[in-house]
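Try each task before you read its solution.

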Amino acid sequence: MATVHLRIGDLIVSPPKDLKKPRGKKCFFVKFFGTEDHAWIKVEQLKPYHPHKEEMIKINKGKRFQQAVDAVEEYLKKAKGKDQIKPFCTHGECVSLSLKEQTDSDPEPSSVRRLVAGTVSGFKWESSVGYIHSLKSPFSLQPASSMEPITKRLKIIEEDTGSTSIQAADSTAINGSITPTDKRIGFLGLGLMGSGVVSNLLKMGHVVTVWNRTAEKCDLFIQEGARLGRTPAEVVSMCDITFSCVSDPKAARDLVLGPSGVLQGIRPGKCYVEMSTVDPETITELAQVITSRGGRFLEAPVSGSQQLSNDGMLVIVAAGDRSVYEDCSSCFQAMGKTSFFIGEAGNAARMMLILNMVQGSFMATIAEGLTLAQATGQSQQTFLDILCQGQMASTFVDQKCQNILQGNFKPDYYLKHIQKDLRLAISMGDSVNHPTPMAAAANEVYKRAKALDQSDNDMSAVYRAYIH
């Protein structure tokens with residue numbers, strides 16, 4: 001890879017003194033086109049803009065990407081004929097102006113030379129190239145030469161029910177900055193959802209210690225700066241706030257109550273955040289044992305998929321200890337676009353099961369529609385085209401249907417997990433004598449898909465239950 005040369009310029013800016021920069025390799029402080037955000041980018045992740053421009057425009061069809069390219073071109077047009085430095089690109093969002101270079105050996109920001117590089121635009125790079133999935137800068141700057149750290153501007157919504165929604169604008173932190181908490185973060189479970197969450201926590205400068213039942217899954221995150229915990233108990237003892245994200249109620253209980261489990265590491269003041277989608281009874285049990293040791297408990301299951309987790313666009317639904325929710329603010333901003341606090345422990349589990357019940361039932365209905373179209377001699381692609389132009393149009397519908405038509409069932413949300421959620425939602429309905437006939441019917445279709453060995457495929461593989 002060619003060396004990236006940046007020149008000293010006239011723009012005088014510097015990161016805030018309390019900013020945590022990435023450890024290790026040399027990095028530059030860059031500004032993002034389109035969002036006006038800033039972040040540290042490793043030098044090896046910067047690529048020449050012009051040689052890759054056309055190729056990346058073909059690959060990236062999104063509106064935001066095109067707007068960013070337009071902004072880059074407008075900047076270049078205005079800068080034409082002036083002393084200008086070659087543009088660069090990096091994976092993720094569109095950026096301009098590398099404002100400062102720093103390595104671990106550099107002195108404090110206030111005493112270093114300030115650098116300015118030319119425009120940088122973000123492109124999606126193949127997995128063989130070093131990249132950053134989605135960048136939420138840890139702070140923002142004032143225009144031109146003035147700068148001051150700010151906290152992320154949030155819209156707080158108080159509802160009649162007493163719930164609160166903290167809404168970040170989007171995965172690029174367009175409305176402000178993320179200042180990572182100085183609390184030590186632990187994370188247990190590096191599956192489809194947990195891996196994306198940990199990646200985004202690290203990118204935003206959090207200090208994270210990880211553990212996974214299959215230890216090899218930790219290696220990638222260790223390379224990115226995470227620390228390794230040998231057991232759940234050790235992670236909890238080392239950290240102030242420990243998150244867990246596992247597959248089902250049994251796994252959640254075993255993680256806390258089993259040998260070298262979470263409970264053995266709990267001490268007064270330690271925080272435990274359960275992100276798994278489980279039943280409210282499991283949450284009640286876990287909350288009781290954690291608080292009995294002086295710990296603080298929050299449940300925070302997430303709505304989304306592997307892709308949304310990677311993009312930092314999850315929706316977090318939290319309940320339990322409100323002070324823990326507030327302590328987790330920067331973590332939730334790093335991993336999601338929106339978080340809701342809805343009261344006492346158990347409420348988030350109930351809400352998430354209802355949400356996933358609706359999603360699972362909807363997915364089964366879409367699969368049923370596609371197969372009925374085929375059985376009656378109608379084009380499945382035309383069915384999808386019409387569906388995506390109507391009131392039910394959504395990214396979810398488009399992606400899942402395209403996956404079905406392409407025969408691509410790589411898991412974005414495991415079929416076995418959505419069936420588990422349907423089962424738990426039906427049981428919850430039974431506990432309050434509320435009928436759930438639609439969910440019950442969908443559950444039977446997913447059970448058939450599981451019998452056809454589709455458990456570890458994406459939920460859209462429920463389609464195969466209709467064609468076998």
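**Exercise 1. Find how many aromatic pairs there are in the whole structure, then sort out the pairs of Phe-332.**

Solution. A search of the whole structure turns up six aromatic pairs. The rule: rings of Phe, Tyr and Trp (its six-membered ring) pair if their centres lie within 6.5 Å, and planes under 30 degrees apart count as stacked, over 60 as edge-to-face and the rest as tilted. Start with Phe-243 and Phe-332: the ring centres are 6.3 Å apart and the planes sit at 75 degrees, so this pair is edge-to-face. It ties together distant parts of the chain, since Phe-243 lies in strand β13 (residues 241-244) and Phe-332 in helix α11 (residues 329-335), 89 residues apart. Next, Tyr-325 and Phe-332 have centres 5.8 Å apart and planes at 40 degrees, so that pair is tilted. Finally, zoom out: ring pairs join Phe-187, Phe-243, Tyr-325, Phe-332 and Phe-341 into a cluster.

A word on the ground rules: this is a predicted model, where local features need pLDDT of at least 70, side-chain atom pairs count only at pLDDT 80 or more, and totals for chains, interfaces and linings use all residues. Residues are numbered from 1 along each chain as its sequence is written, and side-chain values use heavy atoms, with hydrogens and water left out.

**Exercise 2. Decide whether Tyr-325 and Phe-332 are buried or exposed.**

Solution. Buried means under 20% relative accessible area, exposed over 50%, partly exposed in between (1.4 Å probe, protein chains only). Tyr-325 comes in at 2%, so it counts as buried. Phe-332, at 4%, is buried too.

**Exercise 3. Work out which residues of α16 are buried and how they are arranged.**

Solution. Helices here are DSSP runs (H or I, at least four residues), strands likewise (E, at least two), numbered from the N terminus. The buried residues of α16 are Ala-439, Ala-442, Asn-443, Val-445, Tyr-446 and Ala-449. Down the helix axis they fall within an arc of 165 degrees (taken from the directions from the axis to the C-beta atoms), so they line one face of α16. On the other side, Pro-437 and Ala-451 are exposed. What covers the buried residues, by contact (heavy atoms within 4.5 Å), includes α12 (347-375), α15 (415-431) and α17 (464-467).
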